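Please read the following briefing alongside the sequence and the model.

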Amino acid sequence: MPTANSVVQIMRKVRLDTSPPELQGIEITAGGRLVWGKVPGDGIHLRVHYIRIGAGGEMVIGSEACRYASNTTITLLGEDTSKQCPHS
């Protein structure tokens, strides 16, 4: 489980099956894959300031062959004035 306000770097397959604390960012690089897992109850609530998916990275919330049946909420945080993503 990542710590609050951290930047999570994903460089391999990672299964998200619980709501993490509020994050500063998620960076998915080549070969990285963030996959939503099955979650009972209220599902997953992801609160993050930015999500950056680089070339060859993936974020997967269900597929035709594997439907995602839980609820999910992605809340992007920050101000309208913060138009740049770190490392862009």
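In this predicted model, the side chains of D17 and R15 meet in a salt bridge with an N to O distance of 3.8 Å, a salt bridge being a side-chain nitrogen of Lys or Arg within 4 Å of a carboxyl oxygen of Asp or Glu. D17 is partly exposed at 39% relative accessible area, whereas R15 is exposed at 52%; here buried means under 20% relative accessible area, exposed over 50%, and partly exposed in between, with a 1.4 Å probe and protein chains only. The structure holds 3 salt bridges.

**Basis of the values**

- Residues are numbered from 1 along each chain as its sequence is written, and side-chain values use heavy atoms, with hydrogens and water left out.
- Because the model is predicted, local features need pLDDT of at least 70 and side-chain atom pairs count only at pLDDT 80 or more, while totals for chains, interfaces and linings use all residues.

**Other salt bridges**

- R47 forms a salt bridge with E22, and the closest N and O atoms are 3.3 Å apart. R47 lies in strand β5 (residues 44-53) and E22 in the loop between β2 and β3, so this pair ties together parts that are 25 residues apart in sequence.
- Both partners have intermediate accessibility: R47 is partly exposed at 31%, and E22 counts as partly exposed at 29%.
- E58 forms a salt bridge with R33, where the closest N and O atoms are 3.3 Å apart. E58 belongs to strand β6 (residues 58-60) and R33 to strand β4, so the pair ties together parts that are 25 residues apart in sequence.
- E58 counts as partly exposed at 39% relative accessibility, and R33 counts as partly exposed at 31%.

**Fold and surface**

- The chain has 0 helices and 7 strands, and its pattern along the sequence is β-β-β-β-β-β-β; helices (H or I, at least four residues) and strands (E, at least two) are DSSP runs, numbered from the N terminus.
- Of the 88 residues in the chain, 27% are buried.
- Among contacts in the chain with a separation of 6 or more, 53% are between residues 24 or more positions apart, where contact means heavy atoms within 4.5 Å.
- The accessible surface of the chain is about 5900 Å², and 49% of this belongs to carbon and sulfur atoms; accessible areas come from the Shrake-Rupley method with a 1.4 Å probe, and for residues only the protein chains shown count as cover.

- The largest pocket has a volume of about 210 Å³. Of the 15 residues that line the largest pocket, P2, V8, V14, L16 and L34 are the closest to its centre, and the elements that give two or more residues to this lining are β1 (7-10), β2 (13-16) and β3 (23-28).
- A pocket is found on a 1 Å grid over the protein atoms alone, as an open set of points where a 1.4 Å probe fits, with protein on both sides within 12 Å along at least five of seven lines, and lining residues have an atom within 4 Å of a point. Grid points are joined across faces, edges and corners, and a volume is the space filled by probe spheres set on the points.
- The lining of the largest pocket has 11 nonpolar, 2 polar and 2 charged residues; Ala, Val, Leu, Ile, Met, Phe, Trp, Tyr, Cys and Pro count as nonpolar, Asp, Glu, Lys and Arg as charged, and the others, Gly among them, as polar.
- The second largest pocket holds about 170 Å³ of space. Of the 13 residues that line the second largest pocket, V35, W36, G37, K38 and C66 are the closest to its centre, and the elements that give two or more residues to this lining are β2 and β4 (33-36).
- By class, the lining of the second largest pocket divides into 6 nonpolar, 3 polar and 4 charged residues.

- S6 lies in the segment before β1 and counts as buried at 18% relative accessibility. Leaving aside neighbours within four places in sequence, S6 is in contact with L23, Q24 and G25.
- P21 is found in the loop between β2 and β3 and is partly exposed, with a relative accessible area of 26%. Not counting residues up to four places away in sequence, P21 touches M1, P2, T3, A4 and R47.
- P21 and S6 are 15 residues apart in sequence, and their C-alpha atoms are 9.1 Å apart in space.
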